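Please read them with the sequence and the structure open beside you.

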Amino acid sequence: LRALIVERRGDYRASRVLLHRAIAQSLALTPQTRLLALHNLASSLAHSSPLESIELTTLALAQMEAGQLHLGLRPALLNVAGYAFICAGDAGGADGVLAEAHAEARKGQNREIASFAQFNRAIVAELRGNPGAARMMLEQLLAETASVLPTLAGWCRIRLAWLTLLEGNIAPATMEAESCDLV
């Protein structure tokens, strides 16, 4: 709980230290809280230590399935792993995991995780050299999320602007003027 409070205050480094400590002292945790600590730590490490994040999500998934713990968390864990694969430069690993996260989240009617997994899949499409597919995915996602997930809609606008810039269809000075409406 302290790790989550510290994270909410913006001290991510201290939060990771507390999460590591909580997981190491797992006797004090229930299997469910250990699973949540693994998920939170994996999420916070996706950028800085993507391989560790992948290992933690793999461990969390194994513990979840072995103990039949909060199986609804599976799509969220898969999405974290998929994003960590992107950060590790493994588009192939990301694509498979994110497709699974998206399908399972839709099946479980978890719109938010399905949307974030789809957003991450658009990044994979771009990284694989298919900006047209990335654009289509982002435009569809933006239309679906604009009113219900405004933060994700903002990220979709940013990625679409990035794709437009990459395509050379707009000057950087124009991008600045248009960025006011991103979120």
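1. A residue is called buried when its relative accessible area is under 20%, exposed when that value is over 50%, and partly exposed in between, with a 1.4 Å probe and protein chains only. On that basis, 42% of the 183 residues of the protein count as buried. The model is predicted, so local features need pLDDT of at least 70 and side-chain atom pairs count only at pLDDT 80 or more, while totals for chains, interfaces and linings use all residues. Residues are numbered from 1 along each chain as its sequence is written, and side-chain values use heavy atoms, with hydrogens and water left out.

2. The protein has ten helices and zero strands, where helices (H or I, at least four residues) and strands (E, at least two) are DSSP runs numbered from the N terminus. With contact taken as heavy atoms within 4.5 Å, residues 24 or more positions apart account for 48% of the contacts with a separation of 6 or more.

3. In soluble globular proteins, nonpolar side chains tend to be buried together.

4. Leaving aside neighbours within four places in sequence, L35 is in contact with A60, M64, L69, H70, L73 and L77. A62, in helix α4, is partly exposed at 42% relative accessibility, and its C-alpha atom is separated by 9.8 Å from that of L35, 27 residues apart along the chain.

5. How do helix α8 (residues 131-145) and helix α9 (residues 150-167) cross, and at roughly what angle? Their axes, which are lines fitted to C-alpha atoms over the stretch in contact, with angles running from 0 to 180 degrees between N-to-C directions, come within 9 Å and cross at roughly 150°. The two helices are therefore roughly antiparallel to each other, the classes being roughly parallel under 35 degrees, roughly antiparallel over 145, roughly perpendicular from 65 to 115 and oblique for the rest. The residues that meet include L138 and L142 in α8 and C156 and L160 in α9, and the residues of this contact divide into eleven nonpolar, two polar and five charged. Here Ala, Val, Leu, Ile, Met, Phe, Trp, Tyr, Cys and Pro count as nonpolar, Asp, Glu, Lys and Arg as charged, and the others, Gly among them, as polar.

6. For α5 and α7, the axes are 10 Å apart and the packing angle is about 20°, which makes α5 roughly parallel to α7. The contact is made by residues including A76 and Y83 of α5 and F116 and V124 of α7, and its residues divide into ten nonpolar, two polar and no charged.

7. Two individual residues deserve a look. H102 lies in helix α6 and is buried, with a relative accessible area of 14%; leaving aside its neighbours within four places in sequence, H102 is in contact with A114, A117, Q118 and R121. Q109, in the loop between α6 and α7, counts as exposed at 73% relative accessibility, and its phi is near 60°, a positive value in a residue other than glycine. Most residues other than glycine have a negative phi.
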